[in-house]
Amino acid sequence: MMRKIGILTSGGDAPGMNAAVRAVVRTAQYCNVGVMGIMRGYHGLIRNEIFELNPRSVADVIHRGGTILKSARSMQFKTPEGQDKAVKNLNDAGIEGLVVIGGDGSFQGALALQSRGIKIVGIPGTIDNDIPCTDYTIGFDTAINTVVDAINKIRDTATSHERVYVVEVMGRNSGYIALYAGLAGGAESILIPEIPTNLDDIVQRIHTSYELGKAHSIIVVAEGYSGDPEAGRDVEHSAAFRVGSYVKDKTGFETRVTILGHIQRGGNPTVMDRILASRMGEKAVRLLVQDKSGFMVGITNNQITAVNLEYALAQEKQVDLGFHELAHMLSST
Ligand code: ADP
Ligand code: F6P
């Protein structure tokens, strides 16, 4: 019987991570298992930033964005020496199983720990929804609601001024946020890395819409659209500015660019994210208590699942191309 587990959050934070931490701590208490919180992901693990959590430690966090355990990226953890140190600290703290909440990078780290004898379970927490073998990741629903709220506001001013607006959203190399928020926000065009799009087709759509009496247009662009999400850190080279200047030059329409940035990562988690996090947190503990290691918790057709983590990471998550066609069809007249 496992007596003590650890939990950490790693990589980009996501709304709902706190709800998952809460579910892990309280399920563990229910199963008579102790929980140690590890601060700042693998960075804190190497530095031995480990402390005891009890059910009261996670009071009043279900509604908060960010992560009370904080998050960090650690280059040192990618080295064998860093991983040895991490394992030593886990062993010294009496941690027999570890719950890792994060994205694919964090899961690679979890697998490295598993290969060194630590029992691990992963919970997908990232706004990008880019993890295979799960329909949704924690934080995605909140992020797309934030984006749609922003698009609604931009729509007000876009229609008043009869302008073209290019809105850049996050997602690293994935178009999920752009696709869902674009469809729900009624965007006229959606540009994502998974679907190569000729910008002249977008220009043509704007002209056609204009002839049909639509004088404004909202183009949602995923940050990874032009193949380099990092370019978004350098505003002039961001996907949105490139698209915006091309469209402006070709159409002559007044064009504005908005990069939503990190507001997409914050805010109170939606009901859907809180429920998802609560269910996934519970499942993660149940797996460890049953001595099961190497799994990722997922959700498929509203059923919580346990998938082999190594297998999951080897798969490719496909976006639903039908969403793209539907969004374009519904906004073309
Ligand atoms: P995410 O989990 O959101 O994908 P990152 O890719 O930044 O975020 O990964 C988070 C952390 O996980 C990294 O800072 C690093 O410490 C660890 N990590 C990432 N990739 C690996 C890997 N291949 N092997 C071991 N650890 C890794
Ligand atoms: O993975 C989550 C994410 O927000 C991506 O959408 C984005 O590309 C990246 O993290 C931003 O990272 P940082 O916080 O380092 O700017």
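This note sets out numbered points on selected helices, helix pairs and single residues of a predicted model.

1. Helix 9 covers residues 271–289, a run of 19 residues. From its first C-alpha to its last it reaches 27 Å, close to the 27 Å expected at 1.5 Å a residue. After helix 9 comes Asp291, whose phi is positive, near 70 degrees.

2. Helix 9, its two faces. The buried residues of helix 9 are Asp273, Leu276, Ala277, Met280, Gly281, Ala284, Val285, Leu287 and Leu288. Because they cover an arc of only 155 degrees around the axis, they lie on the same side of helix 9. The face turned away from that buried side carries Val271 and Met272, both exposed.

3. Helix 1 against helix 9. Two packed helices are described by the angle between their axes and the distance between the axes. For helix 1 and helix 9, the axes come within 7 Å and cross at roughly 40 degrees. The two helices are therefore oblique to each other, and helix 1 passes helix 9 in a right-handed crossing. On the side of helix 1, the contact is made by Ala19, Ala20, Ala23, Val24, Thr27, Ala28 and Tyr30. Helix 9 contributes Arg274, Ala277, Ser278, Gly281, Glu282, Val285 and Arg286.

4. Helix 5 against helix 6. Helix 5 (residues 140–161) and helix 6 (residues 176–184) pack with their axes 9 Å apart, at an angle of about 50 degrees. This pair, too, is therefore oblique, and helix 5 passes helix 6 in a right-handed crossing. Helix 5 brings Phe140, Ile144, Val147, Val148 and Ile151 to the meeting. From helix 6 come Tyr176, Ile177, Tyr180, Ala181 and Ala184.

5. Gly185 is found in the loop between helix 6 and strand 7 (189–191). With a relative accessible area of 6%, Gly185 is buried, because the limit for that class is under 20%. Leaving aside neighbours within four places in sequence, Gly185 is in contact with Val148, Ile151 and Arg155. The C-alpha atom of Gly185 is separated by 51 Å from that of Asp92, a residue 93 positions apart from Gly185 along the chain.

6. Helix 4 and what covers it. In helix 4 (residues 104–114), the buried residues are Ser106, Phe107, Gly109, Ala110, Leu111, Ala112 and Leu113. Their cover includes three helices, namely helix 2 (41–46), helix 3 (80–92) and helix 10 (309–314). Strand 4 (97–102), strand 5 (119–124) and strand 10 are also included in that cover.

7. Thr126. The place of Thr126 is in the loop between strand 5 and helix 5. Thr126 counts as buried, at 10% relative accessibility. Apart from neighbours within four places in sequence, Thr126 is in contact with Ala14, Gly103, Ile131, Thr137, Ile138, Gly139 and Phe140. Thr126 and Ile101 are 25 residues apart in sequence, and their C-alpha atoms are 8.8 Å apart in space.

8. His324. His324 lies in helix 11 (residues 321–330). At 10% relative accessibility, His324 counts as buried. Not counting residues up to four places away in sequence, His324 touches Leu179, Ile190 and Ile195.

9. Two asparagines with positive phi. Asn32 has a positive phi of about 60 degrees although it is not a glycine. Asn32 sits in the loop between helix 1 (17–30) and strand 2 (34–38). Phi of Asn301, likewise a residue other than glycine, is positive and near 50 degrees. Asn301 is placed in the loop between strand 10 (295–300) and strand 11 (303–308). Are these residues buried or exposed? Asn32 is exposed, with a relative accessible area of 68%, and Asn301 is exposed, with a value of 65%.

Technical notes
Residues are numbered from 1 along each chain as its sequence is written. Chains are lettered from A and ligands numbered from 1 in the order in which they are written. This is a predicted model: local features need pLDDT of at least 70, side-chain atom pairs count only at pLDDT 80 or more; totals for chains, interfaces and linings use all residues. Side-chain values use heavy atoms; hydrogens and water are left out. Helices (H or I, at least four residues) and strands (E, at least two) are DSSP runs, numbered from the N terminus. The expected span of a helix is 1.5 Å times one less than its number of residues. Buried means under 20% relative accessible area, exposed over 50%, partly exposed in between (1.4 Å probe, protein chains only). The arc is that of the directions from the helix axis to the C-beta atoms. Axes are lines fitted to C-alpha atoms, for helices over the stretch in contact, and angles run from 0 to 180 degrees between N-to-C directions. Angles under 35 degrees count as roughly parallel, over 145 as roughly antiparallel, 65 to 115 as roughly perpendicular and the rest as oblique. A crossing is left-handed if the near helix is turned anticlockwise from the far one by less than a right angle, and right-handed if clockwise. Contact means heavy atoms within 4.5 Å.
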